Amino acid sequence: MRESMKPVLFQRDTGLFNRLMPTATTILCVFATVIPIHLPGFAVVTPAFVLVAVYHWSIYRPDLLPFVATFAAGLLLDLLNGAPLGISSLVLLLSRALVVGQRGLFVGHGFTVVWAGFVGLAAAAAVFEWTIVSVFYGLLLDPRPFLFQAVLTVSAFPVVSYFLVRAQRGLLMRA
Amino acid sequence: MLVVLGKADILLFDRARTTVSDALAPVLDAVAQPLGTVAAGVRRVEDLFSVYSENQRLREENQRLLQWQEVARRLETENSELKNLLHFEPQDVHGYITGRVIANSGGAFLRNVLVDVGSREGVERGQAAIAGEGIVGRVAEVGTRAARVLLVTDLNSRIPVVLDSSRDRAVLAGDNTTRPRLLYLPGKATVKVGDRIVTSGSGGIFPPGLPVGVVASVDNGLVRVEPYAELSHLEYVRIVDFGLSGVLPQSAIPMPKATKGARRAPDAETP
């Protein structure tokens, strides 16, 4: 009995760090979104890094990125962005719910499948965000920036995903 | 739900936003600074390659500017003499507060930046922000050490302007494109591409005469303005302290002093 207790105890010790990692990386993505890069026109079409993080963790470790953390990340993003509060939270929470429901499609599959899935999510998120923001302001917004942003987010996916996978590997090794 | 709530109780949400921006300003500042340095380094290398042509260009420009200086000097003396004749009271410019951009909105529908100066440095809501040659936007939120500048291209930006040549008044309205539109131009106004646009000062939001931009296109009554300021990659902005009280909705509109405005003013203004 005592022998089997040991690994559990060990897991508990490093557990807090591990358990916070998905949330921490998601929050990091929030900062990455708002930090000025000083590239002309980049601010308008900054990839939605947070969406990548939420997608990734919803597939691989939904238990470690709870609804509360997703909500908080969206809220922080809106606060820093100066966006109407709650819009990002809503988009992220719905994305999370959607992906967690379908995660069986992605777990254990190669990168291409996961990326393809993300294309769908990014498109859906862009359409949804455009709709809700248009409703919020009560006018039809130009959908092109939303489209460009979705394209850029999809293009940035492999890079962000690489770092998230690295982070996750570290998590597995420590656990 | 939060979205609806945010639309209803703007004051509370504004304060929450300001608090968070304030608290995170040092963090953002710390990250933005090295990134800015890297960007500057890259630019310096780029500049090296164009030193000769740049030098040539600057020499020509210098010649031209010297002529302008001459003109400006003459106009200045003329202006001051005329002011003396009219007993004109000049509007006092208190000074500029320079802030570095520490965050920009990474959103498809947002055009604003967070700068690292706040009420500590004397920034107030409603003040104009300029960069380079022209106006960038106005201060929309102020925290102790950070302030949010709503760019002229933002959907919510409305700035009273005037056509420099014809003195026709209009409102410069952002619509999230790079070129804001001119609204409410008088019907008989003739606008042509290249017309200079400056702030009109009506409404007391901005002091009159700040350069805004030039008319970029006139198409079927739809007039678009190309701002002078490079809004796409702002690094530093100057907040202009003109000693005017910033007039913005929900932060104490000065007119009805006796009634609601007076009661609301202290709780909206004091940090």
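Good morning. The model is a predicted one, in which local features need pLDDT of at least 70 and side-chain atom pairs count only at pLDDT 80 or more, while totals for chains, interfaces and linings use all residues. Residues are numbered from 1 along each chain as its sequence is written, and chains are lettered from A and ligands numbered from 1 in the order in which they are written.

I begin with chain B. Its domain assignment, automatic or from a database, gives domain 1 (50-86) and domain 2 (92-244). The centres of these two domains, taken over C-alpha atoms, are 25 Å apart.

In strand S11 (residues 222-227), B:Val223, B:Val225 and B:Pro227 point to one face and are buried, that is, with 20 or more other C-beta atoms within 10 Å of their own, C-beta atoms being placed from the backbone.

Strands pair if DSSP finds at least two bridges between them. S11(B) pairs antiparallel with S10 (residues 211-219) over six bridges, and B:Val218 stands opposite B:Val223. Two bridges join S8 (residues 181-183) of chain B to S11(B), also antiparallel, and B:Leu182 has B:Val223 as its bridge partner.

Finally, in chain A, the buried residues of helix H3(A) include A:Ala73, A:Leu76 and A:Leu80. A:Gly82, with a positive phi near 80°, follows H3(A).

Definitions and conventions:
A residue is buried if 20 or more other C-beta atoms lie within 10 Å of its own, exposed if 12 or fewer, and partly exposed in between; C-beta atoms are placed from the backbone. Helices (H or I, at least four residues) and strands (E, at least two) are DSSP runs, numbered from the N terminus.
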